Amino acid sequence: MARTSEDTTPGPQHVIRLADLDDKTLEDVLELSGRLRNRRGRGELAGRSVGMLFFRGSLRTRASFETAVHRLGGHVVNLTAMSDFWELEDREGTIMDGRAPEHVKDAAAVLSQYVDALAIRPAADGRSWDIDRRDAGIRTWARHASVPVMNMESALWHPMQALADLLTLRDNLGRLAGRKLAITWVHSPAPASAAVVHSLLHAALRYGMHVDLAHPPGFELDGAVLAEAEELAASTGGALETHASAADAIQGAQVVYARSWQSLESYGNPTLAASKRSRHVDWKIDERLLALGDDARLMHAMPVRRNVEVTDEVLDGPRSLLVEQAGNRLPSQMALLVNMLRSS
């Protein structure tokens, strides 16, 4: 397994983004995911502990990750910010005379003495995309931990969701190269971060898929992520095309992935952001749109706002993969844990 793409110093292997898994490791994880889907593991993590730190809420990620560790025979130390511990400082060289009584470097060093790996869901500050996109919080943990660190969704990346998405795509489409995936923005009064879409985009293009991305003006994804996506497409034979209409993107697609994400143009300005979203309340997946695909299946990372993002008819219909997709979080994370910890 490759080290994180931005970290060249010796130390444990981390997964901050999917690119931190080299091609062979990613294939090994996906193959093992299929074998682990219907069994509880064989004690691969017996005697091992995984620390899970949540700086913001979670449902699927927390439940699936904790269950994954238990099914492999390991133990979870589950910590939630503001209820189980205090605010932590992640800036280097700062004078700590503010609210935070402890620095991440000290917390990471100490927790590394107790557990064999750390899985972290950091919280973005929410005021500046230029700052939040650096993922400084989780990278500080990775820099100072002496055990592997896994990203359970930062501002920029969600590699755990991407693993489950790849597994779901392969289960339903077989070989992914040349298959068409439509990723379309949908309206939500409380949009998510772009992390899921960033990771999905890179994962799909890495496997040579043809991705049609649709969103209203002003909801472009991170520029550096898009530039890297274009490079991936060029190197794998994939393709990336952007549309201003969901219908244009869905035309002929085998899979439609619906997701709401924040406008990076109005990031940190909730009043402006709400005004921009209010102009696009018609961006919703219904049967009419889904029918434009090639017997298209629907994917969505959840939570999903029914009849706002996607209609009940689609969500409860035979082509909805949402429950299967969410279920795949469990075996894919089991496989990743086995891969990361069996030789550490």
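User: Where is Asn 307 found?
Analyst: This is a predicted model, and in it Asn 307 has a phi near 65°, a positive value in a residue other than glycine. As for its place in the chain, Asn 307 is found in the loop between strand 11 and helix 12.

User: Does Asn 307 count as buried, partly exposed or exposed, and at which relative accessibility?
Analyst: Buried needs a value under 20% and exposed a value over 50%, with partly exposed in between. Asn 307 falls in that middle class, so it counts as partly exposed, with a relative accessibility of 40%.

User: How many Å apart in space are Ala 301 and Leu 321, C-alpha to C-alpha?
Analyst: Along the sequence, Ala 301 and Leu 321 are 20 residues apart. In space, C-alpha to C-alpha, the separation of Ala 301 and Leu 321 is 10.0 Å.

User: Which strands stand at the edges of the open sheet of four strands?
Analyst: The order in this sheet is 2-1-5-6, with parallel pairing. An edge strand has a single partner strand, so one side of it is left without a neighbour in the sheet; that holds for strand 2 and strand 6.

User: How do strand 1 and strand 2 pair, parallel or antiparallel, and over how many bridges?
Analyst: Ser 49 stands opposite His 75 in strand 2, and Val 50 has Val 76 as its bridge partner there. Strand 1 (residues 49-54) and strand 2 (residues 75-80) pair in the parallel sense, and the number of bridges is six.

User: How many Å apart are the end C-alpha atoms of helix 2?
Analyst: Helix 2 has 12 residues, and at 1.5 Å a residue it should span 16 Å. The model agrees with that, because the end C-alpha atoms of helix 2 are apart by 16 Å.

User: What arc do the buried residues of helix 2 cover around the axis?
Analyst: The buried residues of helix 2 are Thr 61, Ser 64, Phe 65, Ala 68 and Val 69. They lie on the same side of helix 2, because the arc they cover around the axis is only 130°.

User: What do the buried residues of helix 2 pack against?
Analyst: Just past helix 2, by the way, Gly 73 takes a positive phi of about 90°. The buried residues themselves pack against strand 1, strand 2, strand 5 (117-121), strand 6 (149-151), helix 6 (159-173) and helix 14 (329-341).

User: Which strands stand at the edges of the open sheet of five strands?
Analyst: Its order is 9-8-7-10-11, with parallel pairing. Edge strands here have a single partner strand each, so one side of each lacks a neighbour in the sheet: these are strand 9 (239-243) and strand 11 (297-299).

User: Which residue in strand 9 stands opposite Val 211?
Analyst: Strand 8 (residues 210-214) and strand 9 run parallel, joined by five bridges. In strand 9, the residue opposite Val 211 is Leu 240.

User: What arc do the buried residues of helix 10 cover around the axis?
Analyst: Helix 10 (residues 270-278) has Ala 273, Lys 276 and Arg 277 as its buried residues. They are on the same side of helix 10, because they cover an arc of only 95°.

Note on methods:
Residues are numbered from 1 along each chain as its sequence is written. This is a predicted model: local features need pLDDT of at least 70, side-chain atom pairs count only at pLDDT 80 or more; totals for chains, interfaces and linings use all residues. Side-chain values use heavy atoms; hydrogens and water are left out. Two strands pair if DSSP finds at least two bridges between them. Helices (H or I, at least four residues) and strands (E, at least two) are DSSP runs, numbered from the N terminus. The expected span of a helix is 1.5 Å times one less than its number of residues. Buried means under 20% relative accessible area, exposed over 50%, partly exposed in between (1.4 Å probe, protein chains only). The arc is that of the directions from the helix axis to the C-beta atoms. Contact means heavy atoms within 4.5 Å.
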